[in-house]
2 protein chains.
Amino acid sequence: MNAAKPAVAPVVSQTIEDILLAAEAEFAERGFEGAGMKAISVKAAVSQALLHYHFGTKERLYAEVIAQRSKKINDERNALLDQIDLTAADALDRIFEALFRPPLGPAGGERPYARIFSGLVVGRERNQALVKEHYDPTAKRFVAVLRRVIPAGDQGTAALCYSLALGSLIAMIGRDGRVERLMGRDAPLKTEEILRLLIAHAKGGALALISQT
Amino acid sequence: MNAAKPAVAPVVSQTIEDILLAAEAEFAERGFEGAGMKAISVKAAVSQALLHYHFGTKERLYAEVIAQRSKKINDERNALLDQIDLTAADALDRIFEALFRPPLGPAGGERPYARIFSGLVVGRERNQALVKEHYDPTAKRFVAVLRRVIPAGDQGTAALCYSLALGSLIAMIGRDGRVERLMGRDAPLKTEEILRLLIAHAKGGALALISQT
DNA sequence: ACGAATTGACTGATCGATCAGTCAGGGCTA
DNA sequence: TAGCCCTGACTGATCGATCAGTCAATTCGT
C-alpha cells in the first residue's frame, strides 16, 4: 500500500551506512592511524560508543570500509570483464578499461575512496592482509584474462602488466593536482580523459613488455 | 695521523645521523601518525627528549627525514641525467633509468625509505607540501628532458610519461611481495631485473602516449 | 669553566575502548 | 486489551594507556 515502504529490508541500517561513509571519508583524509573514532562519530552524527557497539574496534571498522568498497569495485570490474570479447581487436583496451574505470568512479563525482585505495599499495601489514583478501581474487582473474589476450604471454609478464598499470592509476588519483601541475594545466583532468590516457599508456607498456620477453 | 679520523667534520653529528636513520625506519614502518617519538628514541638508543632538543617537533623531524633522503635521490638522479647524450638512440631508456635507479637503491640492499617514498604519492596535505618542495624541481627537469627526446612531445604528454612511470615504480617497491605473488614466483625480483622491466614498460607507455596525441 | 649535548622525570591532552544505563518497540501471557 | 518482559539501538561518563612536548639537572668536550 505504502509506496515509500521498501519491499525488502536493507542489508544494513541507515545508521550503519552513515557510519561507514563517515569512516571512509575520515580514513581517506587522515589514514588509519590519523583517523579518530571521535571524529568519525561526529561526522556520522552518532555517539562514539555506537561505533564500538556496531564494529567492536577501530581495526574492524576499517576492515569493513575496505570490504564494502572493494566489493563494489570488484563487482563492477567483473561485470565489465564479462562483457569483453577476448578475440576482438580492442580486447586489450577494454580489459584495462575494466581495471581503471571502477576505481575512478562516476564522471563528475568525488572520489573519497581514492586515497584509501592508493594507500593500500603501501604495504603495511594491515593493508597487505586486506589487499590479499579482497583484491587478489579479481587481480588473478585480470592476470588470467591478460594471458589469453597478449601473444605468448606468460603469467609473469601478465602479472607485471597488471601491477604496473595499477601503479600508474595510483599516480593519477592518489595525489591531488600534481599531475596537472607538472603538465602546466590549471583545470583538473576529466575522468574520461584520464581513462583514455591510462589505457593508452598501459597498453603500450604491456606490448613493450611482451615484445622484449 | 689517525687514519680513522675524518678530514672534515661531518655536516651532522653521528647522534643526529642515528636519530634520522631510526626515524626513517619508524616512519616507513608505521607512517607519520603511527610512528612514536618514544619508539624512534629507543631505536636510536637516545632519550626521547633529545629528539625534541635537535628537531623541535615530530613534524620537523619528519620533514628532515624527507629532505635528507630526497636530496640524495635528487643528486643521484641529476648526476645520471647529466651523463646522458640526448641525441643517442637509447636516450629514452637512460632517462627512465635515471628516474628509477636512485629510489631502488643498491642492488642487494634494504629499502627502508621505499614505503615513505610510496606514501608520498598519497596526497595528504603534509606530504603534498614536502613533495612540492623537494621533488618538483627535479621532476620538472625530467619533464623538460623528456620533451626534448620524444618526438613532437608537448609538456602535457611528457609530464604524463613522468607521472605514470613513477606510479609503476611505486607499484613495484611500495608493497612487499604482491607482484611476485601474482607472478607466481617465490623469490623476490632482483633490482636489475626490476629496473629492466620498469624501463621497458615506461618506454612503451611513453611511445604509445605520443603516437596517439 | 663554560656552553653544547644529553638525560630522567614530568605534564596536559588525546586516544581507543568500556561501562552502566536509557529508551522505544515487539512479543508473550492472561 | 492490559501488563510484563525482553532485546536491539544508542548514549554520557569515564577508564587506563599513550601521545608529543617541556624542563631542570647533569654530563661531556674543549
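Biologist: Does Ala45(B) count as buried or exposed?

Modeller: This is a predicted model, where local features need pLDDT of at least 70, side-chain atom pairs count only at pLDDT 80 or more, and totals for chains, interfaces and linings use all residues. Residues are numbered from 1 along each chain as its sequence is written, with chains lettered from A and ligands numbered from 1 in the order in which they are written. A residue is buried if 20 or more other C-beta atoms, placed from the backbone, lie within 10 Å of its own, exposed if 12 or fewer, and partly exposed in between. Ala45(B) has 10 C-beta neighbours inside 10 Å, so Ala45(B) counts as exposed.

Biologist: What is the phi of Ala45(B), and where is Ala45(B) placed?

Modeller: Most residues other than glycine have a negative phi. Ala45(B) is not a glycine, yet its phi is positive, about 60 degrees. Helices are DSSP runs of H or I with at least four residues, strands are runs of E with at least two, and both are numbered from the N terminus. Ala45(B) sits in the loop between α2 (37-43) and α3 of chain B.

Biologist: And over in chain A, which loop holds Ala45(A)?

Modeller: Ala45(A) also has a positive phi, near 60 degrees. With 10 other C-beta atoms within 10 Å, Ala45(A) is exposed. Its spot is the loop between α2 and α3 of chain A.

Biologist: By what turn can chain B be laid on chain A?

Modeller: The copies are superposed by least squares on the C-alpha atoms of residues with pLDDT of at least 70 in both. The RMSD is 0.1 Å and the shift along the axis is 0.0 Å, with a turn of 180 degrees. The two copies are thus related as by a two-fold rotation axis.

Biologist: Which helix gives the largest share of the surface near DNA strand C?

Modeller: Near means that a residue's C-beta atom, placed from the backbone, lies within 6 Å of the strand. Of the 17 residues around DNA strand C, those that come nearest include His52(A), Thr57(A) and Ser47(B). At least two residues each come from α2 (37-44), α3 (48-55) and α4 (58-82) of chain A, and from α3 (48-55) of chain B. The largest share, 4 residues, belongs to α3(B).

Biologist: How many helices does chain A have?

Modeller: Of its 213 residues, 40% count as buried. Chain A's C-alpha atoms fill a box of roughly 60 × 45 × 35 Å along the principal axes. Its secondary structure has 0 strands, and the helices come to 11.
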